[in-house]
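Good morning. Please have the sequence and the 3D view open while I talk.

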Amino acid sequence: MLEQVNLVKELADKHGRRRDSLIPILQGLMEEKNYLTDEAMVLVAKELDISAADVYGTASFYTFMDTDVRGKYVIRICKTISCSMKGKIEVLHTIEETLKIKVGETTSDKKFSLLETNCIGWCHKAPAMLINDTPYTELTPQKVTEILQEYMKM
Amino acid sequence: MKSSALKRVDLIFESVNVREILDKTLKRKPEEIIQDVLDSGLRGRGGAGFPTGMKWKYTAAEKNAVKYIVCNADEGEPGTFKDRQILDEVPRKVFGGMAIASKAIGAKIGYVYLRGEYKFLVPKLQEEMEIFHAMMKEMKHDFRLELRLGSGAYICGEESALFESIEGKRGEPRNKPPYPTTSGLFGKPTSINNVETLVYTVMICKYGADYFHKLGTTDSRGSKVFSVSGDTPKAGIYELELGMTVERFVEEFGDGDTKAVQVGGASGFCVPRKKFRDTIIGFEGVPTGGSMKLFNSSRSMYNVLHNYLDFFTEESCGQCTPCRVGCQQLLLGVEAVKRGERNSRYLDELVKLAGTMKIASKCGLGQSVGNAFKSIVENFKEEIIY
Ligand SMILES: Cc1cc2nc3c(=O)[nH]c(=O)nc-3n(C[C@H](O)[C@H](O)[C@H](O)COP(=O)(O)O)c2cc1C
Ligand code: SF4
């Protein structure tokens, strides 16, 4: 808890305490942990002197600001047609089998979450996915297995 | 036979000395710069195609001590990936375009709004920004950039939603008017331009308005960067002179079996094979922010339509009823027709609904859902029903 208080203060010192500092602060929190806890949102509200409902209302608008518990590595696989046309479904099945979770779920060790997302801008190198901020493109079942194995070791 | 030519152009990615161009341009009067951009015929490359020179002129005319230039790098339209490449390869040209705009309209602060999906570009852009700021200081031009990130909301590419987002709020589009040129970011006069548009202004300042004006057609001057994907052996990013027909495009990029091209992404138009010859890619025909997706005869256009409707249902900000409920009903509607629970006449009702959405929706998202819907349903009815 104290750790969170300090982090919120640090972020507010860095980005300011105006309304337009809110999103950079929330994004800073997301960088530390892949989701926003209720406590963190209340702390941000206090720090910026706005209502917690305002903070939650803003955060919940944005798909990438998760308010549900997420794993350390969030996998977002593109679900736009261009990726589907290039074998995304096999890649998705491989991820599901490797991690033993379905889309929307998090592994029990809280290491991975698997989500779908709209076009991430790599259609010419489809299928594509993001793991946290890093894009991975031209995926095949074999390639995605290797990528996941690397993350499992981390 | 100008309209059938398919000419490669190299303006956007051409390596140039930005400092030299700025040295020359920032010494000019704002009116002169604006006149050049007007004369070039450049229209916005983010999709809507508003003349860039006019936008700058209106913003310049506002008597306000604080004004902003905003670079729209939200690039969320499915099938568009050229702005990422531009920011990755020639960020200095993008920032240079913002400096030119700042001189033209009288702004001291510029914002770059980058979609969260491109966060991996941040270290590079920050580094470039430092170089840029040092250059501005040397040139004694009072102008600073701020970088803001999106967080996975397509609607934040809509200009007024983007302002709301920078202001720290939910990305919900505003009513228009007032337009951004009078009341934009933080309520101040703002010119918001697409990444590619800004780079073209640099090249217009380098080579002159005429050079650009000579390329393209009356309605679509110059060239454009296309993001080509789908059933093509040549997926990638290409800068081409505007004014080609879909037929010529398909000759170059198709796999020999192209049955449709979706021009302009989910909010654009589907052009079927029988219309390839007579359809021009540009503002006089089918406009595009760059997204060009090719489909061959193995593809189900029902799946394509379903995917786009699913996209809009998810990305509608939900603020106004025609769009929020309309998107859901179109999606449920085509599913019901596909399952045989509704007959084919129901599709005509859905087309009418899409027409209502065009008139009654608050912003461009709801207004353009009907583009893909109508053009796919009308041209591929059998595929939707059976
Ligand atoms: C739903 C929606 C999404 C949009 N997304 C983008 C985008 O990602 N990038 C962009 O440049 N323009 C986008 N636009 C257009 C902007 O509202 C605006 O017209 C554009 O940034 C202006 O720049 P331009 O004149 O240089 O094209 C979008 C519009 C709508 C309605
Ligand atoms: S048209 Fe759709 S996206 Fe635009 S304001 Fe209305 S609900 Fe929001």
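This is a predicted model: local features need pLDDT of at least 70, side-chain atom pairs count only at pLDDT 80 or more; totals for chains, interfaces and linings use all residues.

Residues are numbered from 1 along each chain as its sequence is written, chains are lettered from A and ligands numbered from 1 in the order in which they are written, and side-chain values use heavy atoms, with hydrogens and water left out.

Chain A, then. How many helices and strands does chain A have? There are 7 helices and 4 strands. Both are DSSP runs numbered from the N terminus: helices are H or I with at least four residues, and strands are E with at least two. Following the sequence, the order in chain A is α-α-α-α-β-α-α-β-β-β-α. The C-alpha trace of chain A spans about 50 × 30 × 25 Å along its principal axes.

Of the 154 residues in chain A, 56% are buried. Buried means under 20% relative accessible area, exposed means over 50%, and partly exposed is in between, with a 1.4 Å probe and protein chains only. The accessible surface of chain A is about 7,200 Å², and carbon and sulfur atoms hold 50% of that. Such areas come from the Shrake-Rupley method with a 1.4 Å probe, and for residues only the protein chains shown count as cover.

Among contacts in chain A with a separation of 6 or more, 61% are between residues 24 or more positions apart. Contact means heavy atoms within 4.5 Å.

Now the backbone. The peptide bond from A:Ala126 to A:Pro127 is cis, with omega near -10°. A:Pro127 sits in the loop between strand 2 (112–117) and strand 3 (129–131) of chain A. Chain B has a cis peptide bond between B:Pro177 and B:Pro178, where omega is about 0°. B:Pro178 is in the loop between helix 7 (159–166) and strand 4 (190–194) of chain B.

Next, positive phi in residues other than glycine. A:Lys110 has a phi near 60° and lies in the loop between helix 6 (88–99) and strand 2 of chain A. In chain B, B:Glu75 has a positive phi of about 20°, and its place is the loop between strand 1 (68–73) and helix 4 (82–89).

Please turn to helix 7 of chain B. Of its 8 residues, 7 are buried, so the helix is largely enclosed by the rest of the structure. The buried residues include B:Ser160, B:Leu162, B:Phe163 and B:Glu164. What do the buried residues of this helix pack against? They pack against helix 2 (22–32) of chain A, together with strand 1, strand 2 (109–114), strand 3 (144–149) and strand 4 of chain B. Just after the helix, B:Gly168 takes a positive phi of about 95°.

B:Ile166 belongs to this helix and is buried, with a relative accessible area of 1%. Leaving aside neighbours within four places in sequence, B:Ile166 is in contact with residues including A:Asp20, B:Tyr111 and B:Arg148.

A:Leu48 lies in helix 3 (residues 38–48) of chain A and is buried, at 8% relative accessible area. Not counting residues up to four places away in sequence, A:Leu48 touches A:Gly16, A:Arg17, A:Arg18, A:Leu22 and A:Ile25.

B:Lys259 is in strand 7 (residues 258–263) of chain B. Is B:Lys259 buried or exposed? B:Lys259 counts as buried, at 10% relative accessibility. With residues up to four places away in sequence set aside, B:Lys259 touches B:Phe276, B:Phe295 and B:Glu383, among others.

Last, ligand 2. There are 13 residues around ligand 2, and B:Cys317, B:Gln319, B:Cys320, B:Cys323 and B:Cys363 come nearest. A residue is near a molecule if one of its heavy atoms lies within 4 Å of it. The shell around ligand 2 has 7 nonpolar, 5 polar and 1 charged residues. Here Ala, Val, Leu, Ile, Met, Phe, Trp, Tyr, Cys and Pro count as nonpolar, Asp, Glu, Lys and Arg as charged, and the others, Gly among them, as polar.
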